[in-house]
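Hello,

Here is the structure for you to look through. Please open it alongside this email, and my notes on what was found follow below.

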Amino acid sequence: MSHKRIPKRKAAFAAGTVVALGAAAILLPNANASQDGSSNDAAAIAPKTLKATDASDLASQLEKLLGDSFAGSYYDSDSKQLVVNVISGDSNVVVQAKKAGAEVREVDNSLTELAAGAKTLKEEATIPGTAWAVDPRTNKILVTADSTVTGDKWNTLESTVKSLGSDMATVKKSAGTFKTFVSGGDAIFGGGARCSLGFNVTAGDGSPAFLTAGHCGVAAEQWSDAQDGQPIATVDQATFPGDGDFALVKYDDPATQAPSEVNVGGGQTVAISQAADAEVGLQVFRMGSTTGLADGQVLGLDATVNYPEGTVTGLIQTDVCAEPGDSGGSLFTQDGSAIGLTSGGSGDCTVGGETFFQPVTTALQAVGATLGAGDAAGGAGDQAGGEEAGAGDEAGAGGDAGAGAGEEAGAGGDASASPGDEAGAGQEVGGEQAGGDVIGGEEAGNGQETGNGAGDAAGQAHN
């Protein structure tokens, strides 16, 4: 597969910049405070300015505090505020949410009612090429149909959505086709398929491992960091389709070094400090072996996607682009929180489209792993082709030098993924910002190129 240059929606990282997320707690006010004048006081309180990850923490706490009155939330990236939906009619709930620092919006549909609508869709309109997720910004279920949903299938979907009521769900057409993003090529290889490494973890038995997409895990049992290379890891658990799209793959060498970081090219890494839940409106970044780095926003949670292979539930819906080979790749935030693993979607990085991700938090819980390298130390990620490499080295699957910071890498050992293509994904980092955003506060060097080939971190233990 020929790699494309995709200059749109790239993100530039400042070299060597690592921003760790503080674990500061967000304290809610006493729910039993005197109500004397509290409504007026709450109305005068301005919502807090929050980082996205802090907003997600506050949303989780408010969901527990407000109970059935909580109807979802989202992060307003422009105002940097958390917007919380509450069911109309309970002034005390509004007071509590405002005092906690959220912008409060009264809505009609409860989470229970929205869940019932999603259940009806599952029972009556589980059609390949469809997907749905709750959109807290509209307080409705957003239903999407790809280009294969036509004729009787479209009529069934449309009538099911209409039966829920105009205030409960909306449906839109997507120009692309929902598919998993697995492909033949470079990065991590198994059984003729190519995927991307997500996050390094420590398995429940203390051995080094990594997370990737479940549909990659069921495609092949053993995975290599080079096309036609020797296996370096074996699938331990995989879920797809069904309740998620994730796999735990254990490194065959128990001494493998598996750092908790994402290599974003050009010798630049982002340290991953924790796993976090997604929040609608959250700005996220995706790293994959085909298209490199891309950014966007979370659009919906608990998404159901009806792939040709079967239905997958519990996913994150975003507008971040992805292409075949990006499956399993890392979805993370600027401040180093692991959010998701690339599952699939429609479109590509030229026309855009919807992309869905497996939440990291639920994957970790399901496989019994913890984020990061734990006590694992040593090797397999340090060498490639038998010799260590440093910054600026070139390395391929059959090359003489190991993958190092800032290298170019390709599947053929000569810094090109295929004849005439750029190294790895061939994507430039720097020279253009992702949607105007810069991670680390500084652009990477203008014209700097980075690849994601088999010798690079995207295909080894450096992700």
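Helix α2 passes helix α3 in a right-handed crossing. This is a predicted model. α2 covers residues 52-66, and α3 covers residues 91-99. Angles over 145 degrees count as roughly antiparallel. That is why α2 and α3 are described as roughly antiparallel to each other.

Which residues meet where α2 and α3 touch? From α2 come Leu62, Leu65 and Leu66. From α3 come Val93, Gln96 and Ala97. Sorted by class, the contact of α2 with α3 has five nonpolar residues, one polar residue and no charged residues.

Now the sheet. Six strands form an open sheet, and the pairing is antiparallel. Read across, the order is β13-β14-β15-β12-β11-β25. Strands β13 (222-223) and β25 (370-371) stand at the edges. Each has a single partner strand, so one side of each is left without a neighbour in the sheet.

Look next at β14 and β15. β14 spans residues 233-239, and β15 spans residues 246-251. The two strands pair in the antiparallel sense over six bridges. Find Thr239, then look opposite: Phe246 in β15 is there.

One more helix to find is α7, residues 360-367. α7 lies across β11 (199-202), β12 (208-212), β14, β15 and β25. Helix α7 runs at about 60 degrees to β15.

Best wishes

Technical notes: Residues numbered from 1 in each chain as written. Predicted model: local features only at pLDDT ≥ 70, side-chain atom pairs only at ≥ 80, totals over all residues. Heavy atoms only, no water. Pairing = 2+ DSSP bridges. Helix = DSSP H or I, 4+ residues; strand = E, 2+ residues; numbered from the N terminus. Contact = heavy atoms within 4.5 Å. Axes fitted to C-alpha atoms, helices over the stretch in contact; angles between N-to-C directions. Parallel < 35°, antiparallel > 145°, perpendicular 65-115°, else oblique. Left-handed = near helix turned anticlockwise from the far one by under 90°. Nonpolar A, V, L, I, M, F, W, Y, C, P; charged D, E, K, R; others polar.
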